[in-house]
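This report describes how the parts of one protein chain are arranged. Please look at the sequence and the model before reading on.

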Amino acid sequence: MWTKDILFRLKKELGIEVNDDTLFFYDRINLVPIKRNPDNNYREYTEKDYIKLSKAVILSKTFAVSLEDIDRIFNKDDKGLKERLYKLLTKHLRILKETT
């Protein structure tokens with residue numbers, strides 16, 4: 001998939017508008033590294049890349065989780081952080097259910 005396809009899917013499936021600079025930044029800081037086509041040097045996203053990007057975008061844009069913490073979740077298997085994040089998300093869901 002190309003960058004524009006990823007941006008379209010994020011908006012359509014998650015309802016979150018993201019620009020290409022965000023995706024390129026995530027790639028540059030190695031949060032979600034993307035392979036490049038050796039023939040044209042374009043980024044080519046796989047379904048696995050899309051899923052990881054989706055998680056990063058949701059955590060950063062919706063729940064204000066820092067990129068450093070997202071990196072720890074993705075790359076360092078920080079179980080304590082994952083547990084705290086799970087509790088936070090559970091709390092948010094409970095509040096949403098109570099207000100609807």
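In this predicted model, helix α3 (residues 47–62) and helix α4 (residues 67–75) have axes that come within 10 Å of each other and cross at roughly 145 degrees. The crossing of this pair is right-handed. On the α3 side, the contact is formed by Lys 52, Lys 55, Ala 56, Leu 59 and Ser 60. The α4 side contributes Leu 67, Ile 70, Ile 73, Phe 74 and Asn 75. Sorted by class, the residues of this contact are 6 nonpolar, 2 polar and 2 charged.

Helix α4 also packs against helix α5 (residues 79–99), at an angle of about 115 degrees and with the axes 9 Å apart. Here the crossing is left-handed. Asp 69, Arg 72 and Ile 73 of α4 meet Leu 81, Lys 82, Arg 84 and Leu 85 of α5. This contact has 3 nonpolar and 4 charged residues, with no polar ones.

| Helix pair | Axes | Angle | Crossing |
|---|---|---|---|
| α3 and α4 | within 10 Å | roughly 145 degrees | right-handed |
| α4 and α5 | 9 Å apart | about 115 degrees | left-handed |

Which residues line the largest pocket? The lining consists of Pro 33, Ile 34, Lys 35, Thr 46, Lys 48, Asp 49 and Lys 52. By class, 2 of these residues are nonpolar, 1 is polar and 4 are charged. The space within the largest pocket amounts to about 150 Å³.

Another lysine, Lys 12, is located in helix α1 (residues 3–14). Is Lys 12 buried or exposed? Lys 12 counts as exposed because its relative accessibility is 62%, and the cut-off for exposed is over 50%. Along the chain, Lys 12 and Lys 52 are 40 residues apart, and their C-alpha atoms are separated by 16 Å.

The chain as a whole can now be considered. The protein chain contains 5 helices and 0 strands, and its pattern along the sequence reads α-α-α-α-α. Its C-alpha trace spans about 50 × 30 × 20 Å along the principal axes. Of the 100 residues in the chain, 32% are buried. Among contacts between residues at least 6 apart in sequence, 48% join residues at least 24 apart.

Notes: Residues numbered from 1 in each chain as written. Predicted model: local features only at pLDDT ≥ 70, side-chain atom pairs only at ≥ 80, totals over all residues. Heavy atoms only, no water. Axes fitted to C-alpha atoms, helices over the stretch in contact; angles between N-to-C directions. Helix = DSSP H or I, 4+ residues; strand = E, 2+ residues; numbered from the N terminus. Left-handed = near helix turned anticlockwise from the far one by under 90°. Contact = heavy atoms within 4.5 Å. Nonpolar A, V, L, I, M, F, W, Y, C, P; charged D, E, K, R; others polar. 1 Å grid on protein atoms, 1.4 Å probe; cavity = no way out; pocket = protein on both sides within 12 Å on 5 of 7 lines; lining within 4 Å. Points joined across faces, edges and corners; volume = space filled by probe spheres on them. Buried < 20%, exposed > 50% of the residue type's maximum accessible area, 1.4 Å probe, protein only.
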